[in-house]
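Please consult the sequence and the structure while reading the points below.

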Amino acid sequence: MFSGDDHRYMAHALRLAERGLFTADPNPRVGCVLVRDGEVVGEGWHERTGEAHAEINALQAAADRATGATVYVTLEPCCHQGRTPPCTDALVKAGVARVVAAMQDPNPQVAGKGLQVLQQAGIEAAAGLMALEAEKLNPGFVKRMQQGRPWVRCKLAMSLDGRTAMANGESSWISGEQARIDVHKLRARSSAIMTGIDTVLSDDPSLTVRLGEAGGDYKAPLRVVLDSGLRMPADAKLLGLPGETLIVTGVSDPSRLARLEEAGVSIKILPLAQGRLDLAAVLQYLGEMEMNEVHLEAGATLCGALLQAGLVDELVIYMAPQLMGDAARGLFVLPGLKHMQDRINLSITDIRAVGDDWRINATVLASS
């Protein structure tokens with residue numbers, strides 16, 4: 001169905017889509033290439049929400065050479081009026097001959113309808129070329145469109161013997177400088193950086209992206225703190241930093257809320273269950289806020305609770321070449337795992353050296 005040239009041009013479109021990795025959120029990262037008579041006549045990618053989609057940028061680059069061209073786009077063209085007009089209308093008007101999409105749009109407003117609009121206009125249109133590669137670029141967008149919640153990526157740093165901190169809580173620094181730069185790239189691609197109040201109280205983190213000028217352009221992620229009892233101190237470091245902070249709590253005390261709101265913090269009150277936040281409800285709310293990817297940096301208790309609730313999609317673990325001893329703290333608090341059948345199964349998708357450390361990427365498999 002698809003030729004070698006089709007694969008080559010779609011691979012180019014995917015590389016273009018990657019350029020929006022840090023900036024396209026909450027929209028998907030999309031790339032587009034126009035080819036006529038074996039020559040690339042236009043290309044583009046989606047840079048920012050509210051600005052032109054990849055197809056429009058490629059059409060503008062091609063101008064009148066778009067007529068009769070084949071369009072390679074990493075996501076099915078939209079056919080509805082959103083923040084920008086439908087891309088299908090622009091493609092029909094330009095007179096393209098063929099459209100090849102890597103994947104169907106998971107957005108129910110599109111979901112195959114974009115291809116139908118093109119076909120009804122006499123344009124040859126199909127999807128399914130390098131679909132897995134396109135999905136990997138947009139795990140959060142796909143998850144949010146299909147399930148209403150973001151993709152949760154849990155980042156951890158550990159020693160070779162699986163420890164994250166000494167018994168007294170000391171943990172700086174387990175991983176090396178290159179690993180820390182890598183983490184900031186993960187933060188930069190995320191919609192939100194989430195932690196728990198215990199981490200704020202013990203570590204006073206910034207939860208910001210710090211890549212310097214070499215990091216390029218990125219959209220600052222929302223800082224999210226899960227604080228069921230509203231214990232956030234008014235002098236916490238992250239409250240005084242640029243960017244937005246959201247506290248999710250179960251407390252509705254007006255005086256305590258006012259103190260934090262004066263510091264410019266947004267607060268969402270959700271019902272508590274046995275004194276704790278409903279983590280599924282938290283993620284559902286973040287999905288409603290159009291959060292695609294949530295970068296989790298928290299302690300063993302919160303990370304373990306999300307993992308056991310089936311709400312962690314991916315683990316990114318930096319393993320340092322050191323030993324910290326059996327008294328040091330582990331990765332997760334996972335009560336109730338007593339038998340082999342209770343194990344949480346993972347699929348390791350990547351292992352590579354990052355400086356002196358090893359980075360392990362793993363997806364969490366659904367329980368059988």
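In this predicted model, A63 is found in the loop between α2 (54-62) and β3 (70-73). Although A63 is not a glycine, its phi is positive, at about 55 degrees. Most residues other than glycine have a negative phi, and most peptide bonds are trans.

**Positive phi values**
- The loop between β8 (222-226) and β9 (245-249) contains L230.
- L230 is buried, because its relative accessible area of 2% is under 20%.

**A cis peptide bond**
- The peptide bond from D25 to P26 is cis, and its omega is near 5 degrees.
- P26 lies in the loop between α1 (4-17) and β1 (31-36).

- Strand β16 (residues 357-364) includes R359.
- Is R359 buried or exposed? R359 is buried, since its relative accessible area is 14%, which is under 20%.
- The side chain of R359 makes a polar contact with the side chain of D182 at 2.8 Å.
- Another polar contact, at 2.9 Å, joins the side chain of R359 to the side chain of N361.
- Not counting residues up to four places away in sequence, R359 touches D182, V316, I317, Y318, D350, I351, R352 and V354.

Conventions. Residues are numbered from 1 along each chain as its sequence is written. This is a predicted model: local features need pLDDT of at least 70, side-chain atom pairs count only at pLDDT 80 or more; totals for chains, interfaces and linings use all residues. Side-chain values use heavy atoms; hydrogens and water are left out. Helices (H or I, at least four residues) and strands (E, at least two) are DSSP runs, numbered from the N terminus. Buried means under 20% relative accessible area, exposed over 50%, partly exposed in between (1.4 Å probe, protein chains only). A polar contact is a pair of N or O atoms within 3.5 Å; within protein, one must be able to donate a hydrogen and the other to accept it, and residues adjacent in sequence count only if both atoms are side-chain atoms. Contact means heavy atoms within 4.5 Å.
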